[in-house]
Amino acid sequence: MNKTIRRASVFSLLLVLALLGRATWVQAYQARALADDDHNRRKTIAQYAQPLGDIIVAGSPVTGSKRTEGGDLAYKRTYKGGDLYSAVTGYGSQAYGSTQLEGIYSEVLDGTDTRLKNPLDALTGKRSAPGNVLTTIDPAVQKAASEALGDDKGAAVAIDPKSGQILGMVSSPSYDPSTISGTTDGDAWQKLLADPDKPLVNRALRQPLAPGSTFKLVVAAAALENGLYGSVDEPTKSPVPYTLPGTSTVLKNESATAPCENATLRVALQYSCNNVFGKVAADLGQDKVRAMAEKFGFNTGKLDVPVRASKSVYPSGMDKAQTALSGIGQFEVTATPLQIAMVSAALANGGELAAPHMVSKVTDADGGTLEDFEDGDMKRIVSSSTAGQLRSAMVTVVEEGTGTNARIDGAEVGGKTGTAENGVDNSNTPYAWFTSYAKDDSDGQEVAVAVIVEDSGSAASEVSGNGLAAPIAQKMMKAALQR
């Protein structure tokens, strides 16, 4: 054999060995990664080869599966009351992926989760029957929130203070996930993306905005816990007018005739006195206010319910004037409705916050438990004394103050209104907030809620937490107490 042929033979052998090595590598080490790759069409085909598992509300599925006609995807996702539950389920789309519970539990719902396989399935590679996701949502509370919000842009959350179960979660405007679940829904998808009101955004979890005067509950808690004032009925040192420290800007109260000068914390919550809470925040300093806010859940980047909520923010690096503004829920303070509901829930529960969650159990097709989310995972936020005093002050707000539209016969109701500035120099319509708790006088049933109305079409002068948000909260609380 001459030298040229020998070299060519060696080179060819090396190529063959390289190909064999590469094939071995792909089959032995990369097969799972390639199979799971989102760009692998065979994965999508397998995902929709059989009916999907369901998301369950109060024992009934709010999802389903429908046999498709033509194409290589045998089934597609359907929704019952899609608009009503979209903030809970998210969407499962053959073309655009999955979000929220549909996304988090996609492998359970399509049968590929390894926990679903019995020993025989594991050996044969047979696809398992899909599992189900059981939620904590109460359909009556969900419906009450949706109907009360109506066409208003906003969101609402209801929590059981003792268990942390999320009983209702609504974002408006909503959308029907069924309209984008297939492969030929491009027009519907583009319409949703182009909508300036962003219906695909879950406002209850994913849109933190200025909380306005609802944040005064956090500041009041900081004042009591840090000993700035001994009780909610001790007069504060709060002049009227109150000038922001280091500036000539006067922090105005909504009502010029309200008894806000040196008002107690109870009266200051009752009339939502800006001078009091601006001064309290400045006197405490930003570090103490931030520490209390963080106890309630602000500045937490990993609040999973199990859908991850956006971070609610109490800022740092402020001067004294900015700290005073933060005390009334302005400057750069932001919060989601979930976060504000958590504040009321902790106060309602004696100062302990039960971890909020909207999934109670994940099961296999036969009802066997894969995951069980226990209620009542508690964290102490404030003392029982502080919580009791603030509940009492919140009752005063509803009975005699700015939250009268939240009253419920036969129940103890406490709340706090909020109207948050929006835009440069409050040039846009303000946000209307209301957060509250209710306790049934007869059986002790409890609920905590938070509502934001971003835009109701009302003139800015007509926007108030009591006028727009409190009636929504009242209907949600009433539905929850009837469980």
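Analyst: Two strands pair if DSSP finds at least two bridges between them. This is a predicted model, in which local features need pLDDT of at least 70 and side-chain atom pairs count only at pLDDT 80 or more, while totals for chains, interfaces and linings use all residues. Residues are numbered from 1 along each chain as its sequence is written, and side-chain values use heavy atoms, with hydrogens and water left out.

User: How do you know that S8 pairs with strand S20?

Analyst: Seven bridges join S8 to S20 (residues 446–455), and the definition asks for at least two. The two strands run antiparallel. One place to look is glycine 154, whose bridge partner in S20 is valine 453.

User: And what links S8 to strand S9?

Analyst: S8 and S9 (residues 166–172) pair in the antiparallel sense over six bridges; alanine 158, for instance, has glycine 168 in S9 as its bridge partner. The two strands form a hairpin with six residues between them. In that turn, glycine 164 has a positive phi of about 85°.

User: Why is strand S8 called largely enclosed?

Analyst: Seven of the seven residues of S8 (residues 153–159) are buried, so the rest of the structure largely encloses this strand. Buried means under 20% relative accessible area, exposed over 50%, and partly exposed in between (1.4 Å probe, protein chains only). Both faces of S8 are covered: Lys153, Ala155, Val157 and Ile159 lie on one side, with Gly154, Ala156 and Ala158 on the other.

User: What makes helix H10 count as largely enclosed?

Analyst: Nine of the 10 residues of H10 (residues 216–225) are buried, so the rest of the structure largely encloses this helix too. Among the buried residues are Lys216, Leu217 and Leu224. Glycine 227 follows H10 and has a positive phi, near 75°.

User: Is glutamate 374 buried or exposed, and how do you know?

Analyst: Its relative accessibility is 67%, and the cut-off is over 50%, so glutamate 374 counts as exposed. You will find glutamate 374 in the loop between strand S16 (369–372) and strand S17 (378–380).

User: What makes S16 an edge strand?

Analyst: S16 belongs to an open sheet of five strands in the order S2-S1-S7-S15-S16, with mixed pairing. The edge strands, S2 (60–61) and S16, each pair on one side only. Three bridges join S16 to strand S15 (residues 359–363), and these two run antiparallel. Within this pair, valine 362 has glutamate 371 of S16 as its bridge partner.

Note on methods:
Helix = DSSP H or I, 4+ residues; strand = E, 2+ residues; numbered from the N terminus.
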